[in-house]
Structures are given as structure tokens and as C-alpha cells.
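Here is a short report on a structure with several chains. Take a look at the sequence and the model first, then read on.

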Amino acid sequence: MVGSGVTKVDRHYDKNYLVLIDEAVGKTLANSGLDASDIEYLIVSTAFSESILNQADPSTYIAQNLGFRNVKALTVSSGEVSGAVALDYAHALIRSGKASRVLVVGFEKMSEYPSWVINRVYSKILEYEVEGIKNVAPSDYAALIMNDYMRRYGVSRESIIKWSIKMHENAVKTPHAQLQFTISADSLSKALRISEPLTMLDSHPTSDGAAALLLVNESVAKKAGTTPIELVDVESSVNLPIYLRDDLTYFSATAAAYKRLSSRNGVKLTTNTAINVYDTYDIYGLLTIEALEICARGEAVKCVDEMPYLNVGGGLKARGHPVGATPLYQVHELRELMSGTSWVKYDGDISLAHAMSGPDNNAWLILLKGWV
Amino acid sequence: MKHSISIFWRLKDNHYKIYVTKCGDCGRVASLKRLKCPYCGSRNVEHVESRGFGELINYTVSYYRTEGSEQYLPRVVGLVKLDEGPVIVGEITDVDLNELSIGTRVEAVLRKYSSEDPNGLIYYGLKFIPVIKK
Amino acid sequence: MTSSRFRVGIVGWGAYIPVYRIKAKEIARQWGFDDRVTDSIWIEEKAVAGADEDTVTMGWYAARSALLRAGVNPGDIGAVFVGTESKPYAVKPSSTIIADALGISAKKLSTDLEFACRAGSEGIRISVSLVESGAVRYGLAIGSDTAQANPGDVLELTASSGAAAYLVGPADESVAVFESLVTYVTDTPDFWRRDGSRYPAHGEGFTGEPAYFHHIVSAVKMLMNESGLKPSDFDYAVFHQPNGKFPLQVGRVLGFPREKVLPSIVTPWIGNTYNASALLGLAKILENSKPGQRILVAPFGSGAGADAISALVTDKVLERVGKAPTVEKLIARKKYISYAEYAKFRNLIHRNLW
């Protein structure tokens with residue numbers, strides 16, 4: 001990866017998706033020595049453009065409007081993990097030798113409709129014929145899982161909010177984050193409830209954003225003006241339907257993907273590894289760091305205090321969740337850490353991004369390494 | 001929201017009744033009528049109709065607003081462990097929020113999932129209520 | 001006496017009453033009635049269908065209870081009728097939805113019937129003839145309503161929601177065998193609702209003597225003449241009950257002592273469930289009856305007509321009562337709501353769709 005760029009995450013009522021993408025792509029290509037006409041593959045990631053923007057395959061119109069004259073353009077629409085899947089495809093293209101210059105672009109415009117419409121769109125990440133038709137929403141599952149976790153491990157409601165508090169502290173130091181203000185546990189008693197005991201303080205906001213990553217092969221990387229970060233490997237796993245799981249508090253798909261990734265690459269995550277995980281709700285962030293074997297089961301709320309490089313951008317909670325773009329924001333933030341341009345100094349040589357659909361329905365892991 | 005006529009009609013078996021799927025290979029039982037066992041992937045499965053009774057093992061009171069469901073808020077969504085073994089997700093209705101508790105015996109009853117559009121179809125399906133004593 | 005010419009009876013019965021109740025005095029005060037009016041017609045509170053309930057969902061529950069009591073194979077049911085004046089669809093039968101949800105096979109007669117409050121009872125009469133003629137083995141007759149009443153009209157004090165279901169079949173499988181069934185129908189404009197109109201209109205006093213009383217008295221007298229039965233031959237008399245007072249009055253006119261009528265009266269605590277009104281009263285009687293007892297049931301529907309049905313209880317009734325919730329248990333299952341919640345559940349508050 002030799003370039004990356006993101007827009008500020010916000011409700012961009014005044015900008016359409018092309019304007020946002022143009023901004024992100026401009027930042028990505030700057031200093032890379034490449035322009036749009038050098039790109040061989042344009043892989044666009046969006047979860048909901050067909051529902052929200054009435055646009056099927058936006059990659060065609062991004063190519064036409066933003067100067068990608070020689071490109072193979074395609075759209076990856078894979079629900080909440082679209083961005084991770086797009087990166088996997090880019091990775092495979094370059095590793096196989098089929099392409100040498102791939103631009104991955106992710107975007108979403110979640111603010112385009114009132115909440116009661118967008119809530120219905122977002123609920124499409126669950127199984128329509130089971131949950132969609134019955135009006136069961138993603139936040140309902142987060143609440144059920146939070147209940148289970150608190151009962152199983154005796155963890156208090158107040159301690160879970162520590163995750164969100166930390167995310168906001170990180171967002172304040174991240175210029176592109178959506179919610180750049182701190183929160184406190186005192187706000188919990190007045191926080192609007194979404195699905196008891198889940199409140200607005202536990203949940204990602206409604207976000208618009210665009211992000212881009214420039215991926216190239218080794219020989220192009222050597223000629224780039226920036227220090228490359230290597231996208232080493234991608235791994236994934238699909239879980240059982242939520243209601244069929246024996247233990248709602250164990251993200252077994254994330255765990256299975258991690259075991260394969262870690263054994264294949266000889267890496268092990270510690271509390272000092274830079275990771276960027278899907279805290280769609282704070283409880284999901286906590287369960288993820290347990291599934292990644294960084295913390296023991298039931299211990300995540302204590303463990304969080306000892307992780308200086310966790311979700312440095314503020315996570316989905318405070319940086320925001322422009323769904324199709326989110327994994328690309330995560331990788332951009334890890335790249336900043338590994339290149340020394342983040343708000344905190346990082347010495348590790350690997351980092352990991354984690355994306356998942358709903359509560360670990362479909363989990364994806366992306367392993368990055370400093371270029372040697 | 002409008003659901004497809006044909007999709008809803010095809011789903012009657014999973015919405016007018018509760019079926020469970022028993023695997024002839026690994027022996028596990030899963031809720032809903034399925035083509036294959038979700039645990040081992042086997043096609044050697046049997047569909048059995050559930051009596052519709054079970055125990056409430058988890059629930060949440062939801063204020064999440066989606067267009068078409070305003071009339072039913074707040075919604076109670078719960079996980080029910082059917083007497084036949086597997087867990088199913090569904091809406092719990094007719095409950096006093098103060099009376100809800102884990103362990104409540106519930107039964108499946110036919111109710112409206114939605115009927116917002118006065119000119120459209122009414123979508124019927126099963127929800128759970130605290131068991132009505134005989 | 002009489003010898004039954006029908007070899008048909010009630011094989012199973014079921015009831016459903018929604019959990020919500022609103023006090024009649026609360027409705028009266030909302031609209032500026034002197035709240036003593038509720039005592040004058042004997043109505044204390046009424047059942048209100050929840051936002052996710054309707055004629056189909058209630059009818060389904062009552063019918064399922066009827067099948068649980070009957071213990072028959074749903075595939076042997078050859079007819080399904082829903083008598084209602086609150087059809088969720090003006091065109092699309094409620095009966096097919098309930099039948100599919102209960103696993104009744106496609107080989108059946110099925111329709112929704114309208115005759116104000118007595119269509120459920122007409123469904124019973126039709127089922128009896130179908131079984132008697134051998135055309136079907138069992139017939140399922142349901143009476144179910146989410147009764148409408150103009151807000152602020154006196155009928156709003158009583159118009160409520162509920163359902164009852166009867167599985168009609170061979171006498172030797174029955175908990176009560178039919179001895180005599182008659183129906184008396186004329187064109188009498190006491191109460192009506194035009195197509196597309198949200199609430200019914202009625203003639204107030206005219207709904208009494210020329211409608212309710214005349215038709216029930218005529219039907220019952222017709223049954224007595226044909227069968228040779230007298231009030232003293234009956235242990236119970238169950239009438240359509242638009243409020244608590246009318247059935248007691250018509251019972252008196254017909255010569256039934258108060259104690260034979262009172263046990264079937266349920267309206268004061270659940271309201272007038274329209275097509276389920278007399279039929280829930282009958283269910284309550286069956287649940288408390290003894291073999292050998294004789295029951296008179298006289299449903300009435302505006303427009304107008306009344307049935308008179310005589311049935312003799314068999315020894316099968318005792319073992320089937322406990323297989324499903326009884327009317328008394330359903331009456332006792334209740335939660336009170338305010339007029340505002342009632343207005344929301346019953347769609348009295350207009351909302352735009354976005």
C-alpha cells in the first residue's frame with residue numbers, strides 16, 4: 001500500500017458521493033507519482049448504494065466522472081464487510097500478477113434519508129427472511145448479547161461504556177473522526193435508549209465518508225515516493241445464525257479466522273499490537289478483543305485500559321461508520337500508525353484490521369506489515 | 001415496508017408455524033425449516049412441527065424506529081428456547097414491561113408483523129406471548 | 001319431548017379474548033356521557049385488541065383451541081367459515097389464512113360470512129348441514145370481531161374484540177349434540193355499516209324491540225313449537241349479549257328464570273364481541289356444564305335475524321374442558337389501558353405514512 005486518503009466522517013448533506021470520493025482519491029494519489037489514468041483496477045466498496053442512492057454499480061460512474069480512463073471498474077457490495085472484501089480482491093489481483101496498480105475506494109452516504117428509513121436499510125445486514133420480516137434489528141442483537149455478557153461474567157453496565165469513553169478520547173486526536181468530543185459514564189443514565197440496555201452512547205453514529213487505498217506490486221512500490229506498508233494476508237470465516245449459537249458472547253468466526261491467519265503468518269497479537277476492530281457497538285469491540293485472544297474471556301473491560309494502540313482513530317463508535325468505507329478508514333489509520341503520521345508513536349512491525357457483519361456473522365481480518 | 005407477495009407467501013411454513021430441523025447425521029436440532037443442517041452441512045434432515053411452547057431466555061425492549069413499525073413500539077425482541085430444544089428469535093407481545101423476566105413460559109401465536117399500507121397486504125406471522133393458563 | 005333428527009354435534013370449542021381492557025366509565029367520561037349510563041346497560045369494561053391483533057389472529061387462537069379440544073386431524077376438516085363484520089380485507093377471505101395457519105388441507109369449502117353479529121352462528125348451521133349430509137366430516141365455524149363503534153357514540157362503551165370457534169362433527173364424537181336448529185330472518189334496518197364507512201350507524205331504541213327482542217323471541221318460539229321443548233326443559237339459556245341487561249330482559253320475556261341466563265353473561269367484563277358474543281357465552285356454559293344438561297343458544301344479528309339452537313351435553317365434555325384456556329381464564333387475564341392507548345390500538349388516531 002503506497003497511498004491512502006480519507007474525508008472527514010460527518011453528515012455531508014452538501015456533498016454527493018462523487019465529491020467525497022474525489023477528495024479521498026486526491027489525497028491517496030498525491031505523492032504516489034500516479035494519477036487516475038495509471039490505475040488498472042478500480043474496486044469500489046459500498047454496502048447500500050443501491051438502496052440509498054438508487055445506484056447499482058457506482059464504480060462505472062466514478063470511473064466516468066473522475067478521470068479513470070483506462071480502468072477495469074467494479075463494485076463490491078458485501079454488506080457490512082464490503083471494504084474488507086474489496087481489499088481481499090485487490091490483494092489477490094496483485095499477488096497473482098494480474099494487476100500491478102489497484103485503487104480501492106470505499107464510500108457510504110448514511111445521512112441521505114431520515115433515521116426511520118435508514119434504520120430499515122441498515123437492518124438488511126441481517127437475514128431478511130428471518131429477522132428482516134420480523135422487524136428484528138441489528139441493535140436488538142447487540143442488546144441481547146450485552147445482556148448475556150453481563151450475566152455470564154458479572155460485568156457491570158457502567159464498565160462496558162469504558163470502551164466508548166476511550167474511543168471518544170482517541171477521536172478527539174483524530175482530525176477525520178466524526179465525533180470529536182469526550183463522553184463520560186455520567187451521561188449513561190440520560191442517554192437515549194435504542195434497545196435496552198443499549199443506548200446511543202454504545203452505538204456507532206450515522207456517518208457519510210469516503211476512503212481510498214492505493215495498492216501496488218513490489219516493483220511499483222519501490223518507485224513510489226512514500227514508504228510502503230505491506231498488505232500481507234486476509235482471512236475470513238462465517239458463523240452460525242446468531243440464535244443457533246451455544247454462546248452468544250464468543251465471536252467464533254473472528255476467532256477461527258484469527259487462528260488460521262496467525263498460524264499461517266506466525267504472528268500473535270498482544271495488548272501492544274496496533275489493531276483496528278469493528279466496535280459497531282461497544283460490546284462487539286469487547287468481544288472481538290477476546291476472540292482475538294488478546295484478553296481472556298470476560299476480562300475485556302479491564303484489558304482495554306492496557307491497549308495503547310487500540311482503535312486509535314476512535315473506532316466505529318467515534319470515528320464513525322460510513323459502512324462501505326469503514327474497513328478502508330481502519331487500514332488508513334493503521335497505515336498512519338505504521339508510517340509515523342498518527343497522534344501516537346508505534347514501534348510494532350505488524351497491525352491488524354478486523355471487520356464483521358452484524359455480530360460476527362461474517363468476520364474478516366486484514367494483516368499489515370511494515371515494509372522490509 | 002412492502003414485502004414481495006411471492007416471498008411472503010413462500011415463507012408461510014416458517015411464519016404461520018414453527019418448524020425445527022433435525023439432522024440425521026450429527027443429531028443436532030435447529031429452529032426453522034432448513035435445506036441443510038447448519039451445524040454439519042448435511043442434507044439428511046427432517047422437519048418437525050414445534051408445538052410452539054418454550055422459555056424466554058433473553059429479551060430486550062427496543063425503541064428502534066423503522067418505517068412501518070411505529071405502531072408496535074416499543075417492541076420486545078427475545079430469544080425463546082423451544083421445548084423441542086433449539087432457540088428461535090422473535091417478538092414478544094402482550095407483555096407488561098414490568099412483568100417480563102427470564103424464564104417466563106411463552107407460546108407462539110399468530111399476530112400481524114405489519115399492515116401499515118392501507119391498500120397493501122397484511123403480513124401475519126408468529127410472535128410469543130406469556131402462556132395463557134388453561 | 002324431542003328426538004334429535006341430527007346426528008351432529010360440537011366436537012370441540014375454543015375462545016379468545018385479548019388481554020387489554022378499558023373501563024367503560026373512562027370512555028363515558030371521555031365523551032361527556034353521564035357515567036351512570038354504564039350501570040344502566042350493565043357494562044363495566046371491555047376487551048381491546050392489541051395493535052398486532054385482528055379478526056384473523058383472534059379467530060386463529062380460538063380455532064386452535066377448538067382443535068386441541070376436539071383432538072381431530074386438521075386434514076379431516078372439510079369446511080372453514082369465519083363470521084365477522086370486521087374483515088381485515090374487504091376482499092380476501094380470513095378463513096383461508098386461518099385454515100392454512102392451522103394445517104387444514106386445500107380440499108375444503110371456505111368463506112367469510114357477514115350478518116352483523118350472527119354470521120358465526122350461521123357458520124355453525126351451515127356446518128351442521130354439511131356434516132349431516134355427509135359432504136364433510138368436520139366443519140369449523142368461527143365468530144371473530146374487532147368491533148367498530150363511532151367514537152363518542154353509546155356503542156363505543158361496549159363494542160369490543162374477541163373470538164369463538166366451534167368444530168362441528170359426528171354426534172358420537174361430540175361434547176354436545178344438536179337437537180334442533182332454527183333461524184328467523186327479516187329485513188330490519190336497526191344497525192348497518194356502508195361499504196367504506198369506518199363505523200356503523202344505528203337506530204338506538206329501534207335496535208331493541210323491533211330488532212333484538214322480536215327476532216330472538218320469534219326464533220326461540222319457533223324452536224319451542226317445532227321441538228315441543230319448554231323453558232323448564234333447559235338448564236341454560238344463552239342469548240346474544242350486546243350489554244349485560246338485554247339477555248336478562250329477553251330471558252324474562254321468554255319465561256326463563258334469571259339463574260338459567262346469568263351464567264352465560266360475559267359482556268359486562270369483556271364488552272360486546274359481536275360475532276363471538278353469544279358463542280363465548282356458550283363456551284363458558286360448556287366449560288361448566290354436566291353431561292345430560294340441555295342448552296339453548298340464541299344468537300342475534302342486526303339486519304336482522306336470530307338463531308335458536310338446542311343442544312344436549314354428553315359425557316365427553318368433562319375431559320375436554322381442560323385442554324385449552326377457558327373463557328373464565330381468558331376473562332381473568334387482563335391489563336388496563338387508557339383511552340389514549342385504546343385509541344392508538346384501534347387506529348382512531350390518524351397518522352400519515354411517510
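Gln71(B) is partly exposed, because 17 other C-beta atoms lie within 10 Å. A residue counts as buried if 20 or more other C-beta atoms lie within 10 Å of its own, as exposed if 12 or fewer do, and as partly exposed in between; the C-beta atoms are placed from the backbone. Gln71(B) sits in the loop between strand 4 (53-62) and strand 5 (75-82) of chain B. The C-alpha atom of Gln71(B) is 9.0 Å from that of Ser114(B), although the two residues are 43 apart along the chain.

This is a predicted model: local features need pLDDT of at least 70, side-chain atom pairs count only at pLDDT 80 or more, and totals for chains, interfaces and linings use all residues. Residues are numbered from 1 along each chain as its sequence is written, while chains are lettered from A and ligands numbered from 1 in the order in which they are written.

**Chain B**

Chain B has 2 helices and 8 strands. Helices (H or I, at least four residues) and strands (E, at least two) are DSSP runs, numbered from the N terminus. Along the sequence the pattern reads α-α-β-β-β-β-β-β-β-β. The C-alpha trace of chain B spans about 45 × 35 × 30 Å along its principal axes. Chain B has 134 residues, and 44% of them count as buried. Two residues are in contact if their C-beta atoms, placed from the backbone, lie within 7 Å. Among contacts in chain B between residues at least 6 apart in sequence, 48% join residues at least 24 apart.

Strand 6 (residues 87-92) of chain B has 6 of its 6 residues buried, so it is largely enclosed by the rest of the structure. Strand 5 of chain B pairs with strand 6 of chain B in the antiparallel sense, over 6 bridges. Two strands pair if DSSP finds at least two bridges between them. Opposite Val77(B) stands Glu91(B), in strand 6 of chain B. The hairpin of these two strands has 4 residues between them, and Gly85(B) takes a positive phi near 125° there.

**Contacts between chains**

Which chains have the most contacts among the 2 pairs that touch? They are chains A and B. No contact joins chain A and chain C; their closest C-alpha atoms lie 9 Å apart.

Chain B puts 20 residues in contact with 23 residues of chain C. On the side of chain B that touches chain C, strand 7 (105-114) and strand 8 (123-130) of chain B each supply at least two residues. Strand 7 of chain B gives the most, with 4 residues. That side of chain B divides into 7 nonpolar, 2 polar and 11 charged residues. Ala, Val, Leu, Ile, Met, Phe, Trp, Tyr, Cys and Pro count as nonpolar, Asp, Glu, Lys and Arg as charged, and the others, Gly among them, as polar.

**Chain A**

Domain bounds come from an automatic or database domain assignment. For chain A it gives domain 1 (3-114 + 206-223) and domain 2 (135-205 + 230-370). The C-alpha centres of the two domains of chain A lie 23 Å apart. Their contact takes 34 residues from domain 1 of chain A and 27 residues from domain 2 of chain A. The side of domain 1 of chain A that touches domain 2 of chain A has 16 nonpolar, 12 polar and 6 charged residues.

In chain A, 5 strands form an open sheet in the order 1-7-4-2-3, with mixed pairing. Strand 1 (3-6) and strand 3 (72-76) of chain A stand at the edges with a single partner strand each, so one side of each is left without a neighbour in the sheet. Strand 1 of chain A runs antiparallel to strand 7 (residues 208-216) of chain A, joined by 4 bridges. Gly3(A) has Leu214(A) as its bridge partner in strand 7 of chain A.

The table sets out two contacts by residue class.
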